[in-house]
Amino acid sequence: MTPALLSAALLLLLLPGAPAQDFNQTPISILVMNSVTNSPNKTYSTSVPFRGILVGAMRRLQNSGAGFTFKYIENQNYGPYLTSVNGLAACTTQRTYWELLVNKAGGQVIRPDVGIGCYIPMANEEIILNFTTY
């Protein structure tokens, strides 16, 4: 490859909006459920870059206009703590919180040992945000 072609190829990779930005996207779905009132579940589709974290996929989904919203507080020791999804907030007096579950390939539902700021979704996983009590 000639130096001019190589330079042009590198320049294309560095330009904002180049197609390489969406390279290696991992598709996932996010299921929002409410175990307290048993209101209807809502499923959203989004993606995360290869080895990207869940909170990034959630931000991408929130910015997409799909109707998904969330809020969290930052704990200096443990990272983001999910406090609200689609306008429904956790409440200590009512002993409610947002539980993070993951439906893995093969149907096994797990409770990750990390939160939304550290969990790295795998392709086609179903992330379950479950409003529940403790």
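Colleague: In what order do the three strands of the open sheet lie?

Modeller: The order is 3-4-5, and the pairing is antiparallel. Strands are DSSP runs of E with at least two residues, helices are runs of H or I with at least four, and both are numbered from the N terminus. Two strands pair if DSSP finds at least two bridges between them.

Colleague: Which strands stand at the edges?

Modeller: Strand 3 and strand 5 (88–89) do; each has a single partner strand, so one side of each is left without a neighbour in the sheet. Please note that this is a predicted model, in which local features need pLDDT of at least 70 and side-chain atom pairs count only at pLDDT 80 or more, while totals for chains, interfaces and linings use all residues. Residues are numbered from 1 along each chain as its sequence is written, and side-chain values use heavy atoms, leaving out hydrogens and water.

Colleague: How many bridges join strand 3 and strand 4?

Modeller: Six bridges join strand 3 (residues 70–75) to strand 4 (residues 79–85). The two form a hairpin with three residues between them, and Lys71 stands opposite Ser84 in strand 4.

Colleague: And how many between strand 4 and strand 5?

Modeller: Two bridges, again in the antiparallel sense. Val85 stands opposite Leu88 of strand 5 there.

Colleague: What lies across strand 3 and strand 4?

Modeller: Helix 2 (residues 54–63) does, running at about 145° to strand 3. Axes are lines fitted to C-alpha atoms, for helices over the stretch in contact (heavy atoms within 4.5 Å). Angles run from 0 to 180 degrees between N-to-C directions.

Colleague: Turning to the rings, how many aromatic pairs are there?

Modeller: There are five aromatic pairs. Rings of Phe, Tyr and Trp (its six-membered ring) pair if their centres lie within 6.5 Å; planes under 30 degrees apart count as stacked, over 60 as edge-to-face and the rest as tilted. Phe68 and Phe70 form a tilted pair, 5.9 Å centre to centre with 35° between the planes.

Colleague: Are those two buried or exposed?

Modeller: Phe68 is buried at 1% relative accessible area, and Phe70 is buried at 7%. Buried means under 20%, exposed over 50%, and partly exposed in between (1.4 Å probe, protein chains only).

Colleague: Which residues make up the ring cluster?

Modeller: Ring pairs link Tyr44, Phe68, Phe70 and Tyr72.
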